[in-house]
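Open your viewer and get ready to select a few residues one after another. This short tour tells you where to click next.

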Amino acid sequence: MATNSISVRPAEDGDRRSLALLLAAVAEERDGIAAEPPIDVEKLAARWEIDGTLIAVAEGDLVGQIHIDPSWMGFGDIGMMVAADWRGRGVGTALVAAAIDWALAHGLHKLALGVFPHNQAAIVLYRKFGFVEEGRLRQHVRRADGQLWDLIEMGLLL
Ligand SMILES: CC(C)(COP(=O)(O)OP(=O)(O)OC[C@H]1O[C@@H](n2cnc3c(N)ncnc32)[C@H](O)[C@@H]1OP(=O)(O)O)[C@@H](O)C(=O)NCCC(=O)NCCS
């Protein structure tokens with residue numbers, strides 16, 4: 001699971017703090033993910049679901065993560081993020097590829113996710129792997145400033 005200098009591996013307990021710091025940094029952008037500041041890094045690190053989390057490592061640092069949450073109904077919900085400095089360099093591609101391998105190895109028949117309509121970088125990435133839009137949840141996510149954002153549901157049959 002490697003793309004040039006990027007390697008992808010399952011997360012371990014020792015990655016908890018780096019994972020929480022990554023999420024806190026991406027939340028500060030108030031753009032691609034639902035979480036917004038303030039993020040309690042210690043609390044998030046302690047409760048992070050390590051099972052089903054894959055991390056991308058480059059130059060010794062955690063630069064991205066994808067989490068697969070398997071349902072007893074056979075699909076897995078995914079959520080992901082890449083550190084801002086590392087975007088556009090194939091990290092997201094390596095993580096989605098690894099998540100598909102993980103899902104197949106765990107007997108899932110489908111991956112599913114929700115993405116904000118303005119998040120073109122993510123939508124392009126998911127479409128590249130064959131995800132298709134399956135629905136749109138209107139004014140689904142209330143933001144800290146009171147805005148209500150739609151959420152596009154995408155799915156990939158494996
Ligand atoms: C979405 C995200 C994970 C993509 O990760 P990434 O490492 O930049 O992805 P990659 O470098 O592998 O790029 C994937 C594809 O998207 C394209 N792409 C990247 N940014 C783009 C943009 N702003 N607009 C259009 N296409 C874009 C790339 O060209 C690439 O396509 P290619 O392989 O045909 O060249 C990353 O931008 C991110 O973490 N964003 C913030 C958090 C977030 O939005 N998470 C997803 C929530 S649903």
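Is D150 buried or exposed? Select D150: with a relative accessible area of 19%, D150 is buried, where buried means under 20%, exposed over 50%, and partly exposed in between (1.4 Å probe, protein chains only). Before you move on, note that this is a predicted model, in which local features need pLDDT of at least 70, side-chain atom pairs count only at pLDDT 80 or more, and totals for chains, interfaces and linings use all residues. Residues are numbered from 1 along each chain as its sequence is written, and side-chain values use heavy atoms, leaving out hydrogens and water.

R136 and D150 form a salt bridge, their closest N and O atoms 2.8 Å apart (a salt bridge is a side-chain nitrogen of Lys or Arg within 4 Å of a carboxyl oxygen of Asp or Glu). R136 sits in strand β7 and D150 in strand β8, 14 residues apart; strands (E, at least two residues) and helices (H or I, at least four) are DSSP runs, numbered from the N terminus.

Next, select E36 and R143, another salt bridge, with the closest N and O atoms 3.5 Å apart. E36 lies in the loop between α1 and α2, and R143 in the loop between β7 and β8, 107 residues apart. E36 is buried at 15% relative accessibility, and R143 is buried at 4%.

For your last stop, pick R16 and D13, whose side chains meet in a salt bridge (2.9 Å, N to O). D13 is exposed, with a relative accessible area of 54%. In total, the structure holds 10 salt bridges.
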